[in-house]
Amino acid sequence: MNIPQPGDYIDIHVHGGKSSDGIFILETLMAHEDRLPEETQGAAFTYGIHPWFLTKENSKRQLELVKEITAEPGIVAIGEAGFDKLKGPSIELQSEIFNEQVKISEELHKPLIIHCVRAWDEVLDAAKKLKPKMPWMIHGYRGKIRQAEQLISKGFWLSVWFDFALRPESSELMKDIPADRFFLETDGADVSIKSIYEKVAADKGIVVDELKALLFSNYMKFFGITD
């Protein structure tokens, strides 16, 4: 398993990224795409069924791919999986496929990366009913601190959406979010993870090297990696 090194910038959620010296990326592969880990640039990979590209007709094939490909050692997490009330099939189908991906996550002992748009009740209900042992991370978080606190109290981790993290209005969230339960991401956008670290470090009143050490510790904890 590829893992970050102390002092790396960690980009926890990337689409079509490239690893480089000092930047560790977690590349997101999805079952509707024609991309496999061995053919893709990246330091480590996630693989799952995105609700935008899920249909009743392709659901069986996509699940077969997830079961097959996520067993590979280079895949360190399942996802992004989840719920979207603005785009995608019925919530019933989304829920069915989400639950199947949770089963795979639990069977393989690999964390789950979650896409959630206006479906917090569905995600929280799933966590309550399924009682996962593996950690779940919400990617692209851009909500308020009260909601963040609620999610974290239920055991979730949060990756803050790149654009929101860079905005002045995110400073209160970044200052108050528990230091041991969050990550940062570019989501494949044309933005530097370094600039995000600089902004968030300033929000939290620490230097960038301290933030690097913090998120490195979070990565090792989230993925259950011991020295």
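Predicted model: local features only at pLDDT ≥ 70, side-chain atom pairs only at ≥ 80, totals over all residues.

I start with the sheet: three bridges join strand 3, residues 44–48, to strand 4, and the two run parallel. Helices (H or I, at least four residues) and strands (E, at least two) are DSSP runs, numbered from the N terminus. Two strands are taken to pair if DSSP finds at least two bridges between them. Within this pairing, T46 stands opposite A77 of strand 4.

Residues are numbered from 1 along each chain as its sequence is written, and side-chain values use heavy atoms, with hydrogens and water left out.

Strand 4 also pairs with strand 5, residues 112–117, in the parallel sense, over five bridges. Here D84 stands opposite V117 in strand 5. From strand 4 the chain crosses through helix 2, residues 91–108, to strand 5, and this β-α-β crossover is right-handed. By right-handed I mean that, with the strands pointing away from the viewer, the path from the first strand over the helix to the second runs clockwise.

How many residues of strand 4 are buried? The count is 10 of the 10, residues 75–84, so the strand is largely enclosed by the rest of the structure. For accessibility I use relative accessible area: buried is under 20%, exposed is over 50%, and partly exposed is in between, with a 1.4 Å probe and protein chains only. Strand 4 contains E80, and the peptide bond leading from G79 into E80 is cis, with omega near 20 degrees.

Let me follow the chain out of strand 4. K85 lies in the loop between strand 4 and helix 2 and is partly exposed, at 43% relative accessibility. Not counting residues up to four places away in sequence, K85 touches I91, V117, R118, A119 and E122; contact here means heavy atoms within 4.5 Å.

With E122, K85 forms a salt bridge, the closest N and O atoms being 3.0 Å apart. The criterion is a side-chain nitrogen of Lys or Arg within 4 Å of a carboxyl oxygen of Asp or Glu. This pair links distant parts of the chain, since E122 is in helix 3, residues 120–130, 37 residues from K85. E122 is partly exposed, with a relative accessible area of 21%.

K103 and E100 form one, with closest N and O atoms 3.4 Å apart; both residues lie in helix 2, three residues apart, about one turn of the helix. K103 is partly exposed at 48%, as is E100 at 22%. The side chains of D163 and R167 meet in another, at 2.6 Å from N to O.

K212 lies in helix 8, residues 208–222. Leaving aside neighbours within four places in sequence, K212 is in contact with G7, D8, Y9 and Y197.

H109, in the loop between helix 2 and strand 5, has phi near 60 degrees, a positive value in a residue other than glycine. H109 is exposed, with a relative accessible area of 58%. R118, in the loop between strand 5 and helix 3, has a positive phi of about 55 degrees although it is not a glycine. R118 counts as exposed, at 61% relative accessibility.

N2 lies before strand 1, residues 9–14, and counts as partly exposed at 48% relative accessibility. Apart from neighbours within four places in sequence, N2 is in contact with F24, A43, A44 and Y219. A polar atom of the N2 side chain lies 2.8 Å from the backbone oxygen of A43. Thank you for your attention.

Key
Polar contact = N/O pair within 3.5 Å; in protein donor to acceptor, adjacent residues only side chain to side chain.
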